[in-house]
Amino acid sequence: MRTVFALAGVVIKELYRRKDFYVLFILTIVICVVMASVNIYNDTEIIRYIKALCLLLIWISSLVIAITTTARQIPAEREQRTLLPLLAKPLTRTQLIFGKFLGCWLACGLVLVCFYAFFGVLAASREHAWPLLNYFQAAFLHWMVLGVVIAMTLLGSLVFAAPSSNATICFVLVTMILCVGRYLDEVALKMHEPLRSLVYVLYFAIPHLEWAFGMRNLIVHDWPMIGWNFVGLATLYLLAYAAIFLAAACLVFRRKAVN
Amino acid sequence: MSVILKTEKLRVEFKSREFRQAPKIALRGLDLEVSAGEVFGFLGPNGAGKTTTINVLLGFVQPTSGAAGLFGIDVRQPIARQRIGYLPEMTYYYKFLSAEELLRFYAKIFGLSRSETDRRIENLLKLVELEHASKRQIKTYSKGMQQRVGLAQALINNPDLLVLDEPTSGLDPVGRMKVREIIQRLKNEGKTVFFASHELGEVETVCDRVAIINEGELKAIGTVGEIVAQHPSLEKAFLEVIGYKPQPA
């Protein structure tokens, strides 16, 4: 476990010493503050639009950080040849995969803390309220979704040759899941066999991340929190998908030549 | 003296990616034995199989047949790597870390205690003459400094066997001299060094025994004195052993 945490520590250091996070964070702040400083059409509920925009930017930024950070981990180790001295230590390839996953996931957790803290301040500046538990629930499920995305990207980094192609494919896949994942069953109904069965299989096989993405609406419209038992079930569901992707990554990496 | 590195009839074949192409044979039944406390030079031209041998010893490549062991343990077991240090050829360590952070990271992988880690880092930075730059990020280091950081990371666990793959490649004469001095000091401390290179002068200076490999086959093995006995220099011996015939002018 100490080895896994040592590997994770390096990933976290990499994240806070690179500019990627700071650029996206400052960009989000600038866009949201500029939008919050004007009141278009004198709408009294304008804060809802600002909150929706801010949460959308947080989702985009966190996905960008999660996917790009994860996609470069193993290819960079290979390219810089640091993988060789690392695997020459008493370290298994499974530990390496888990260390990278944990590092990226914890790093994304820290990123979310910063983003949601800003969101809280922005919302409180207009609404004068701190629904901290609602924010925690949304941020927690958001983090769980990032766990699945990170595990999927880690698997992709072992399958696809270039980090850029892996990142692009992961972005497209995640965007598709978030935008059309929930409608796949309806699409299948309108199709003929065997395409219908294929789309159904796809519908049941993909990790459904879209409902966690939809959690934004709860915060935007100040709806009540969802039950913690549902949060627990959703966590188990997402962890199961992350575990499947990680297991696949371990299997692929075990067979992969490192030199 | 006890044998700490041993290969028996080691054969490595790489399957060709092209259809119906014969597999590439990287090693053809390599037998090697390295005893504790010796500096062993592993020589060969480019593509001879030196790095493949090291890759098998470190568990990066599975042998097609034959066996390889370190300290009597099969190299496929991660525990076999507990007592070795490895410096690969031309490695660019994590640029965003400082030398001290890098060494601390590798020490954690070996499970060293905090006090032991601090002590070793201090000694190693002194050994590789990087105390003045220990807090600077590695991206600001020269090539020679990066190579010395590599040497320090290979020594973090105080290994009994040090595997060096072309440790002076790409370094200027001063850098080479420094690396050579470090190897000499390790030799004086009784460490075993397995040293792949094609820098013959260097091998002649620091090695106790030498093996020459070509096209995956062991061509000669013995002390430097034994190998150069019938030749004016190690270079001439090396060229003859690998079957090089100079072109007439």
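Let me start with a pair of residues: Leu43(B) stands opposite Ser197(B) in β8(B), where strands are DSSP runs of E, at least two residues long, and helices are runs of H or I, at least four long, both numbered from the N terminus. Please keep in mind that this is a predicted model, in which local features need pLDDT of at least 70 and side-chain atom pairs count only at pLDDT 80 or more, while totals for chains, interfaces and linings use all residues. Residues are numbered from 1 along each chain as its sequence is written, and chains are lettered from A in the order in which they are written.

Strand β3 of chain B, residues 39-43, is joined by five bridges to β8(B), residues 192-197, and the two run parallel; two strands pair if DSSP finds at least two bridges between them. Four bridges also link β3(B) to β9(B), residues 209-214, again in parallel, and there Phe40(B) stands opposite Arg209(B).

How many residues of β3(B) are buried? Five of its five are, where buried requires 20 or more other C-beta atoms within 10 Å of the residue's own, with C-beta atoms placed from the backbone. Val39(B), Gly41(B) and Leu43(B) cover one side, and Phe40(B) and Phe42(B) the other.

Turning to the interface, 25 residues of chain B are in contact with 21 residues of chain A, contact being C-beta atoms, placed from the backbone, within 7 Å. On the side of chain B that touches chain A, β6 (84-87) and α2 (99-109) each supply at least two residues, and the largest share, four residues, comes from α2(B).

Notes. Buried ≥ 20, exposed ≤ 12 C-beta atoms within 10 Å, placed from the backbone. Contact = placed C-beta atoms within 7 Å.
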